[in-house]
Amino acid sequence: MELLDFARGPALAAALAIMFSGIAWRLFGIFRLRNQPDYSAPRSTALWAGRLRGIVSRMWPHPEFRASATLATTNGYLYHLGLAIIIFAYPPHIHFIERLTGVRWPPLPEPVFYIAVALTIVSLFVALLYRITDPVLKLLSNFDDYFTWFVVMFAVLTGMLAIEHPFRPGVPLPPPGHPLLVTVHLLAVELLFIWLPFGKLAHAFLVFVSRGTTGAAMARRGARP
Amino acid sequence: MTDINSQHPLELDAPRFSVRKPEARYDKQGEKPDAERVQAALLSFIKDCSRPIATYLESCIHCGQCAQACHFYVASRDPKYTPVWKLEPFKRAYQREAGPFALFFNAFNLKPEVTLAELEAWQELLYDSCTLCGRCTLICPMGIDIAALVGLARHAMYEAGLVPHELWAVAERAEREGSPLGATAKVLKERVEWLADDHAIEIPLDKPRADIMVTLSSIEIMKYPGSIVALARVLNAMGSDWTLRSDGYEATNFGMLSGNSRWQKDSTLRIINAAIACGAQTVILPECGHAYGALRWQGANMYGKPLPFEALHISEFLAASVASGKLRLRKLDKSLTFHDPCQVSRRGGATQAPREVLKALGVDLREMPASGDFNWCCGGGGGVVTIHRADPLRYRAFEIKMRQIDATGAELAVTSCANCRQSFDDGQAHFKWGRTMGSLLETVAANLAGQAQ
């Protein structure tokens with residue numbers, strides 16, 4: 001079996017299996033624990049509304065915190081949006097997802113994709129620079145932070161390398177490029193899939209659980225979620 | 001425990017009441033071997049790990065934004081005061097012993113074991129430099145309730161016998177005498193008789209039946225007795241059927257602040273049982289932030305079932321009385337700024353109640369640059385004001401508060417927490433600051449409609 005076939009076949013299946021079972025196990029580890037009953041008289045019983053408010057209201061820092069939190073938040077949004085565009089709007093990725101799920105959608109114009117890649121790479125480097133220079137972030141950071149950064153950046157950079165021809169307006173993207181580079185990119189993405197449930201990338205799903213938990217608890221008290 | 005009084009005598013003449021033992025960087029209680037202390041701490045923390053707690057412990061993305069919300073970090077710029085860092089040994093213990101991947105972390109020693117030296121070093125971070133104000137919770141993009149986690153970590157520290165001794169001593173005194181500051185039932189009775197005589201006002205004590213049972217903070221009893229008179233003025237003016245009870249008057253809960261759940265429960269049950277004994281429909285909590293959280297939000301859980309009465313902070317009671325027309329106030333033609341007690345506003349959900357009262361007083365309310373739910377803490381909550389070695393850091397944090405209040409240019413500053421007031425009094429004395437923090441209740445009592453000023 002060629003390495004590319006391995007990356008496209010058994011390695012991808014194994015990575016996805018590990019990712020989904022890891023996510024399930026991590027969530028099970030949380031939800032298996034008891035939720036202590038709260039006998040206090042609630043100020044509000046609209047707890048689902050509180051959960052939603054908790055999820056939505058923390059998407060952007062409140063004006064009181066904007067002076068300190070806006071730069072980090074904006075930079076975070078840049079690479080999150082950039083990654084979303086790269087993953088869901090680049091034709092080969094749409095094709096890849098279609099192969100797995102049968103679902104497809106039209107891609108965004110190619111210039112948008114290239115701008116997204118550039119912004120993602122720059123903002124990821126800004127995030128790393130911030131992490132290694134800011135005293136608070138330096139103190140808090142551990143292997144998870146740096147390895148997660150590496151895993152994401154590795155997937156993005158190998159993806160860039162796998163595109164053999166630079167973008168030319170009006171010219172359709174060529175078929176998959178050099179097999180070895182595509183293979184390395186696939187393996188890099190599979191490493192990301194495997195790492196996702198174990199490290200801080202898990203915030204992709206934990207963010208809803210955590211914000212929702214506090215949103216409901218604060219709604220119960222009639223406090224800001 | 002008989003030597004507590006001699007080892008840690010109360011300093012009743014100091015600007016704020018407490019005992020002094022500032023020399024040690026960390027304190028220890030009991031004679032347990034080191035390994036047992038660590039074991040007790042970690043077992044306690046893991047036992048407390050419910051679903052919400054595990055969610056929070058799994059969710060931190062190390063963004064560091066919580067630092068910018070913490071007055072101790074902002075005042076010092078020392079990264080160790082980053083709120084979520086205060087949980088680091090406990091996060092590690094959870095991941096190693098109880099998290100979904102504990103087997104993996106433990107087998108490969110990826111999360112090293114927590115040591116006693118770490119817990120000792122963390123005592124300062126969990127007690128001296130955290131007021132449990134919850135501002136960090138509000139900024140966290142993952143919504144992690146860091147203040148709640150610090151509360152649980154304090155349980156663990158208590159079990160390890162690693163509580164700052166001054167805080168431990170007042171908590172122990174509260175358990176033994178019913179009050180952390182020597183405001184025993186006998187002292188209360190004497191104070192009430194003295195205040196009733198001195199101010200020619202009726203202050204009912206130990207009525208067998210009453211609609212309303214009033215509780216106090218020992219800080220009010222010992223330092224701000226004017227609050228008791230103010231409370232009596234307001235309730236008597238409204239014609240309320242009320243009483244103080246010598247078997248359940250102390251609303252502060254130093255068991256909760258020190259991390260001793262058993263003492264917390266004892267303090268809470270004293271109030272609940274007294275209220276049940278006199279058939280109170282309403283229990284009024286005093287101008288004290290943590291007392292509100294202890295009964296309003298944690299009381300029923302200590303009791304194990306819903307409370308058979310309504311628990312209201314005094315500011316909520318005043319706001320409701322104004323709204324119903326039972327309480328009529330004279331206009332106060334002054335500019336005023338209000339300091340929100342964290343546990344009543346941000347953590348308690350009663351942010352608007354004092355503002356409704358102030359609106360009824362007709363004051364020119366000048367909000368601070370960050371106010372209401374976003375208010376900066378006075379720096380003395382969570383038991384911090386009792387810990388003398390924390391003073392230098394607390395004073396630096398207090399400077400934020402002074403700047404905020406000065407920026408409003410308001411003639412008056414009031415709050416609805418006696419603990420905040422004593423932190424302000426202490427800061428005022430330290431900085432020779434020309435502002436005095438007043439009481440919302442006393443301001444209301446001084447401006448009752450139809451009564452001489």
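Predicted model: local features only at pLDDT ≥ 70, side-chain atom pairs only at ≥ 80, totals over all residues.
Two strands are said to pair if DSSP finds at least two bridges between them. With that in mind, consider strand β5 of chain B, residues 335-339, and its neighbour β6(B): 2 bridges join them, and the strands run parallel. One position along this pairing is L336(B), which stands opposite L365(B) in β6(B).

Helix α19 (residues 314-324) of chain B and helix α20 (residues 352-361) of chain B pack at an angle of about 45 degrees, and their axes are 8 Å apart. Why are these two helices called oblique to each other? Angles under 35 degrees count as roughly parallel, and 65 to 115 as roughly perpendicular; α19(B) and α20(B), at about 45 degrees, are therefore oblique. Their crossing is left-handed. On the side of α19(B), the residues that meet α20(B) are S315(B), E316(B), L318(B), A319(B), V322(B) and A323(B). On the side of α20(B), they are A353(B), P354(B), E356(B), V357(B) and A360(B). Sorted by class, this contact has 8 nonpolar, 1 polar and 2 charged residues.

I turn now to another sheet of chain B. This open sheet has 4 strands in the order β2-β1-β3-β4, again with parallel pairing. Its edge strands are β2 (242-244) and β4 (310-313) of chain B, each pairing on one side only. On average, neighbouring strands here are turned by 25 degrees against each other, direction ignored.

Let us follow the pairing of strand β3(B) on both sides. With strand β1 of chain B, residues 212-214, β3(B) pairs in the parallel sense over 3 bridges. Within that pairing, M213(B) has V283(B) in β3(B) as its bridge partner. With β4(B), strand β3 (residues 282-285) of chain B pairs in the parallel sense over 4 bridges. There, T282(B) stands opposite E310(B), and L285(B) stands opposite H313(B). Helix α17 of chain B, residues 289-297, lies across β3 and β4 of chain B and runs at about 155 degrees to β3(B).

Next, a helix pair in chain B. Helix α8 (residues 116-128) and helix α10 (residues 146-159) of chain B have axes that come within 11 Å and cross at roughly 135 degrees. They are therefore oblique to each other, and α8(B) passes α10(B) in a left-handed crossing. Which residues make the contact? From α8(B) come L119(B), Q123(B) and L126(B), and from α10(B) come V150(B), A153(B), R154(B) and M157(B). By class, there are 5 nonpolar, 1 polar and 1 charged residues in this contact.

At the level of domains, the assignment of chain B gives domain 1 (28-162), domain 2 (172-321) and domain 3 (327-445). How far apart do the C-alpha centres of domain 1 and domain 2 of chain B lie? The distance is 32 Å. Between these two domains, 4 residues of domain 1 are in contact with 4 residues of domain 2. The residues on the domain 1 side divide into 2 nonpolar, 1 polar and 1 charged.

Finally, chain A and its meeting with chain B. Chain A has 10 helices and 0 strands, and its C-alpha trace spans about 65 × 40 × 35 Å along its principal axes. The contact between the chains takes 48 residues from chain A and 46 residues from chain B. Helices α2 (10-31), α4 (66-89), α7 (135-140) and α10 (203-221) of chain A each give two or more residues to the side that touches chain B. Of these, α10(A) gives the most, with 11 residues. By class, this side of chain A has 22 nonpolar, 14 polar and 12 charged residues.

Thank you for your attention.

Key
Residues numbered from 1 in each chain as written. Chains lettered and ligands numbered in written order. Contact = placed C-beta atoms within 7 Å. Nonpolar A, V, L, I, M, F, W, Y, C, P; charged D, E, K, R; others polar. Axes fitted to C-alpha atoms, helices over the stretch in contact; angles between N-to-C directions. Parallel < 35°, antiparallel > 145°, perpendicular 65-115°, else oblique. Left-handed = near helix turned anticlockwise from the far one by under 90°. Domains from an automatic or database assignment.
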